[in-house]
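Please look over the chain shown here, and then follow the paragraphs below from helix packing to charged pairs and backbone geometry.

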Amino acid sequence: MILISKWFSRLLILLAVLLAGWTVQVDASAEALIDFIPGRQVYRVAIITPSGVEEYVYHVEFQVNPGTRELKVSTDGPGYTMESRYDADLGLLNSEMKVVTGEDAARVGFDHRVAAFDSVEDKMVLAFYLDGKLQDTREVYLPQQATEVEVLGLYLQALLNQNRTDFHGLILDLNASGRYQLDSRVLTDKQFEALIRQKNMAPQIRDMLAAGQITVFSIGYNGILRLFFPTRFHVVLEKAAPHRILAYWAGSGKRLRYVVYEFLE
């Protein structure tokens, strides 16, 4: 979810329509989700074209604070930096993004974005600044416990580490300032073999699917809404514990991009 180039802006729009505003509803459980993810994970993340060309590369660190039982997510790339805090059930507490280049800031209309959860009114409040001046504010009401798309992979990782695959809920994307109720299913071997045969499949993803030992979640609308929003969002994780994140993608045609995670430490 990045604001770095035109194609990624289009991807954000797609995700906004399809999964935008990603707010993942958290199911009640005896233990918090944070108890089922590793204490620290660092990834190199590459956004690639269907032909396999890397268009943008950044690094993300997921760090659990056992004292506060919070998750800190730090993202560092040539176009933007971001630091976010999440509670024990991966609900976003606050986030701060800084756009690095003037060109990108001019294109998106801000160079600094702050988001914070208002627990009294159950809403996420976003403020956008440019050169220190407030440009816009937005609010997203969250009637249920929720988690934001930046940690969707961790949410699914936590489920797999509980031997669960039952993801159903809201998803919140701060870049889209919205929320949608989505459902998921885990693809069978036969189903993700069909993915391999799809046109415009990036070679890195095709090799990943062909190698096996993975779990593929397909997330999107079910029921009648699927007729209007048929595109689905795919998330790939390692099959073996701790089920590290491997990739995700959504879209088609010129909007199609793949996001590939390489675990570093």
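At what angle do helix 4 and helix 5 pack, and how far apart are their axes? This is a predicted model, in which local features need pLDDT of at least 70 and side-chain atom pairs count only at pLDDT 80 or more, while totals for chains, interfaces and linings use all residues. Residues are numbered from 1 along each chain as its sequence is written, and side-chain values use heavy atoms, with hydrogens and water left out.

Helix 4 (residues 189–196) and helix 5 (residues 203–211) pack at an angle of about 155°, and their axes are 9 Å apart. Axes here are lines fitted to C-alpha atoms, for helices over the stretch in contact, with angles running from 0 to 180 degrees between N-to-C directions; helices (H or I, at least four residues) and strands (E, at least two) are DSSP runs numbered from the N terminus. Helix 4 is therefore roughly antiparallel to helix 5, a term for angles over 145 degrees. The crossing of helix 4 with helix 5 is left-handed, that is, the near helix is turned anticlockwise from the far one by less than a right angle. On the side of helix 4, the residues that meet helix 5 are F192, L195 and I196, and their counterparts in helix 5 are R206, L209 and A210. By class, this contact of helix 4 with helix 5 has 5 nonpolar, no polar and 1 charged residues, where Ala, Val, Leu, Ile, Met, Phe, Trp, Tyr, Cys and Pro count as nonpolar, Asp, Glu, Lys and Arg as charged, and the others, Gly among them, as polar.

The loop between helix 4 and helix 5 holds N200, whose phi is near 65°, a positive value in a residue other than glycine. N200 is partly exposed because its relative accessible area is 45%, the class that lies between buried (under 20%) and exposed (over 50%), with a 1.4 Å probe and protein chains only.

We turn next to charged pairs. The structure holds 11 salt bridges, each a side-chain nitrogen of Lys or Arg within 4 Å of a carboxyl oxygen of Asp or Glu. One of them joins the side chains of D35 and R69 (2.9 Å, N to O). D35 lies in the loop between helix 1 (6–18) and strand 1 (40–48), and R69 in the loop between strand 2 (54–65) and strand 3 (70–76), so this pair ties together parts that are 34 residues apart in sequence. D35 counts as partly exposed, at 35% relative accessibility, and R69 is partly exposed with a relative accessible area of 35%. R69 also has a positive phi, near 55°, in a residue other than glycine.

In a further salt bridge, the side chains of E54 and R44 meet (2.9 Å, N to O), and this pair links distant parts of the chain, with E54 in strand 2 and R44 in strand 1, 10 residues apart. E54 counts as partly exposed at 41% relative accessibility, and R44 is partly exposed at 23%. The side chains of D136 and R138 likewise meet in a salt bridge (3.0 Å, N to O), and salt bridges that share partners join R40, E61 and E265 into one network.

What is the peptide bond from A241 to P242, cis or trans? That bond is cis, with omega near 10°, and P242 has its place in the loop between strand 12 (233–238) and strand 13 (245–250).

Technical notes
Angles under 35 degrees count as roughly parallel, over 145 as roughly antiparallel, 65 to 115 as roughly perpendicular and the rest as oblique. Contact means heavy atoms within 4.5 Å.
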